Amino acid sequence: MTRGDLERDFERFKREFPPDIAGHVRDAYGIDLSARYLGVPLPHPIGKGSGQLSLNAGQLEEDAAAGLAFVVLKTVIAEDAAGTQSMSAWAIHETKMKVEHREAADGRQGWTVTWKGRGWDRTLAEYMTLVRAGRALHASTGMPAIPSVKYHLPKLAEPFHEAEYQFTTGRLAEAWGAPPLLVEVDFSPTLAGDRLADDRAQIIRWLSEIPGRIRAASPMPVRIAVKLMNARFDDAFQLEMMDACADADTLVCFNRLFDPARGVAYGGWELSERNLRVLDAFTIRPSAHPPIRRLSGTGNIHVGRLIAEYALRGCESVQLHTFFQLPLSEYPATEGSRTRRALHKLIFDPGDGLVAAMLDLERRGRLERRSGLLHFLDLSRHAD
Ligand SMILES: Cc1cc2nc3c(=O)[nH]c(=O)nc-3n(C[C@H](O)[C@H](O)[C@H](O)COP(=O)(O)O)c2cc1C
């Protein structure tokens, strides 16, 4: 197992990808890429974040065929039995997306997707059809497809609209079938830019109460991932938000930044820098703080090395969006779907890929073999 092997694999997989990526990496490099999201074991850590690339069954089928580890479906806006959505402002229809460069303050060029849309803009019934298609695909391919919901977020003095929690969670459980129900809760970057999120106490109340409300509303045991926004406050507040989610099973850290001047969410290097900096602070805090909960990383992941960086700060899996949406010329692979081409670069790039990054960490004495194997999940254990 040498750098030469990795270069050869990188070259040949540009055209034909191994059918079992994780199996190949284990056999060829002695690396166990096993990962986890919401307690579900995964063959490797790379999943797709909620968004425009997980809106229909065709996209899910293509992702499963490409060997993606998991997908989070587009965020649906909760409603009650009468179809009332208190967060209806987030269910707007907008199709036009622009994939463009975004320069960070330090001059580094990254990519961002500029888009004014928000949540799922079709009916709840149509969303449940997608959830059912995801369940069938999970059964036949092993790739989980997890729903994402934006529930009612009240002002401090207002009560939660329990009926929306009850009805939407009930419908999800019905479509999901067998327990436990898995669900991700989104707060979204446009919320960070909204006046609703001006008040810190209000945000902390949402985070501390919402998981419990979903549990109470669910007719079956449920595991909840909370996808935290990048609020427009300092890093210390990001940590406060993480602590407030004591009742969540997993935290997804952190959704895109908000540009108030342009009124849009954005990614790129500023996003990964902030996310990694906050996760650093989270992992090195004294043990008087609550124990590390299960984390999943998101933000500007376009090289395998960044997956390792998120993992070293406690993330057991990662969720990408922008890197699955670039012009084809940005991927070294010449065949297959964008998802497949992205996985090729993320895992096998001899300079920047995940395999190269883990072998480097071994050389530098930061990762050790157990029973002859390097383990991806050992990276996040370093954060404990
Ligand atoms: C066009 C677009 C739409 C998105 N929609 C959602 C959404 O509905 N719900 C959600 O939780 N995240 C949404 N996201 C956030 C992504 O899932 C992801 O967490 C974020 O973009 C950071 O990852 P990236 O830098 O790889 O894009 C969206 C992102 C983009 C670019």
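Analyst: A charge sits over a ring if NZ of Lys or CZ of Arg is within 6 Å of the ring centre and within 35 degrees of the ring normal. Here Arg 102 lies over the face of Tyr 266, 3.4 Å from the ring centre. Arg 135 has its charged end over the ring of Trp 176, at 3.9 Å from the centre. This is a predicted model: local features need pLDDT of at least 70, side-chain atom pairs count only at pLDDT 80 or more, and totals for chains, interfaces and linings use all residues. Residues are numbered from 1 along each chain as its sequence is written, and side-chain values use heavy atoms, with hydrogens and water left out.

User: How many disulfides are there?

Analyst: A disulfide is a covalent bond between the sulfur atoms of two cysteines. The rule asks for a pair of cysteine sulfur atoms within 2.5 Å, and the count is 0. Cys 253 is in no disulfide, as its nearest cysteine sulfur, in Cys 315, is 6.2 Å away. That distance is too far for a bond.

User: Are Cys 253 and Cys 315 buried or exposed?

Analyst: Buried means under 20% relative accessible area, exposed over 50%, and partly exposed in between (1.4 Å probe, protein chains only). Cys 253 is buried at 0%, and Cys 315 is buried at 1%.

User: How many aromatic pairs does the structure hold?

Analyst: Rings of Phe, Tyr and Trp (its six-membered ring) pair if their centres lie within 6.5 Å; planes under 30 degrees apart are stacked, over 60 edge-to-face, and the rest tilted. The whole structure has 9 such pairs. Tyr 151 and Tyr 165 are stacked because their centres are 4.5 Å apart and their planes at 15 degrees. Phe 160 and Tyr 165 pair edge-to-face, at 5.9 Å and 80 degrees.
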